[in-house]
Amino acid sequence: MTGNTDSEFPADTVEVHPDTDALLASAAARFVGVVVAAQAERGTASVVLTGGGTGIALLERVRKAPGAIDWSRLDVFWGDERFVPAGDPDRNELQARKALLDHVPVDHTRVHPVATSDGEYPDPVEAAAEYATAVRAHLAEYGGFDLHLLGMGGEGHINSLFPHTDAVREDHELAVAVTDSPKPPSVRVTLTLPAVRRSRHVVLVVSGAGKADAVAAAVNGADPVEVPAAGAHGTESTTWLLDEEAAAGLRR
């Protein structure tokens with residue numbers, strides 16, 4: 001099934017899986033496949049991770065998945081981060097390390113977390129600028145991210161880009177601070193839609209009936225200011241991996 005056909009990008013592909021288990025298996029296989037192919041082509045690869053229950057469960061699957069990833073030749077970024085102290089269990093970085101990164105031989109100089117609120121950049125605006133500098137350097141050297149993983153909220157938010165906010169309207173900066181997130185914690189750092197669109201492959205992994213309406217709106221070309229997920233596109237592919245419940249709105 002194909003969806004959103006923004007003329008600047010290839011049409012979206014939609015894959016529907018019978019349940020969350022099958023969804024996660026497919027997403028893990030996609031993760032491994034994209035990374036292995038990129039490393040075979042260019043000798044290196046990069047991924048942007050997502051948090052949330054589904055995103056962390058996916059990383060646990062990747063940890064157990066068969067494949068030939070050379071973890072020492074992988075750059076790791078995050079789509080967003082809760083701006084909290086180091087060690088806070090809300091940090092996406094900490095959750096990702098427990099689920100995957102602490103269990104594979106990554107080169108820690110190639111893991112690029114957002115600064116913590118109690119670290120060198122205690123101002124979220126400065127932390128966002130520092131993160132944007134790291135992202136910009138990577139994109140300048142490699143041309144883009146290979147894989148950007150995204151979850152989606154029930155109202156269509158991705159990363160920490162919420163409907164009708166300055167962050168989702170940002171059309172220049174690669175990373176910005178969010179100080180009024182409608183979901184706690186209220187202060188965050190997020191990649192923007194311009195950064196997402198510098199990814200070769202964007203994969204949105206979405207489950208649950210509560211997200212069906214937002215999925216349908218995004219796939220059918222909603223305004224990204226209203227449904228931020230509608231603005232997520234990869235330069236080579238954009239794939240929606242859905243369970244049956246999340247896909248229900250596409251059949252109405």
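**Close-up views of a predicted model**

**View 1. The buried face of helix H4.** In H4, the buried residues are Pro124, Ala127, Ala128, Tyr131, Ala132, Val135, His138 and Leu139. Because these residues cover an arc of only 135 degrees around the axis, they lie on the same side of H4. Ala140 and Glu141, on the other side of H4, are exposed. The cover over the buried residues of H4 includes strand E2 (45-49), E3, E5, strand E6 (175-178) and strand E7 (188-191). The helix itself runs over residues 124-142 and has 19 residues. From its first C-alpha to its last, H4 reaches 27 Å, close to the 27 Å expected at 1.5 Å a residue. The structure shown in this and the following views is a predicted model.

View 2. Strand E5 (residues 145-150) pairs with E8 in the parallel sense over five bridges. His148 has Val202 in E8 as its bridge partner.

**View 3. Arg200 in strand E8.** Arg200 is placed in strand E8, which spans residues 199-206. The relative accessible area of Arg200 is 12%, so this residue is buried. Residues up to four places away in sequence not counted, Arg200 touches Arg42, Tyr142, Gly143, Gly144, Phe145, Asp146, Gly234, Thr235, Glu236 and Ser237.

**View 4. The nonpolar cores.** The largest nonpolar core has 50 residues, and those with the most contacts inside it are Phe31, Leu49, Trp71 and Tyr131. Helix H1 (residues 20-42) contributes the largest share of this core, nine residues. Another core lies apart from it and has 26 residues, among them Val168, Leu193, Ala214 and Val215. In the largest core, Trp71 is one of the residues with the most contacts. Not counting residues up to four places away in sequence, Trp71 touches Phe31, Val62, Leu100, Val104, Pro105, Val106 and Asp107.

View 5. Val114 is found in the loop between helix H3 (92-99) and H4. Its relative accessibility is 2%, and therefore Val114 counts as buried. With neighbours within four places in sequence left aside, the contacts of Val114 are Glu81, Arg91, Tyr131 and Val189. Of these, Tyr131 is also one of the buried residues of H4. Val114 and Phe83 are 31 residues apart along the chain, and their C-alpha atoms are separated by 8.2 Å.

**View 6. Ser186 in the loop between E6 and E7.** The loop between E6 and E7 holds Ser186. This residue has a relative accessibility of 35% and so counts as partly exposed. Ser186 touches Val178, Thr179, Asp180 and Ser181, residues up to four places away in sequence not being counted. Between the C-alpha atoms of Ser186 and His233 the separation is 26 Å, with the two residues 47 residues apart along the chain.

Conventions: Residues numbered from 1 in each chain as written. Predicted model: local features only at pLDDT ≥ 70, side-chain atom pairs only at ≥ 80, totals over all residues. Heavy atoms only, no water. Helix = DSSP H or I, 4+ residues; strand = E, 2+ residues; numbered from the N terminus. Buried < 20%, exposed > 50% of the residue type's maximum accessible area, 1.4 Å probe, protein only. Contact = heavy atoms within 4.5 Å. Core = buried A, V, L, I, M, F, W, Y, C linked by side-chain atoms within 4.5 Å. Pairing = 2+ DSSP bridges. Expected span 1.5 Å × (residues − 1). Arc of directions from axis to C-beta.
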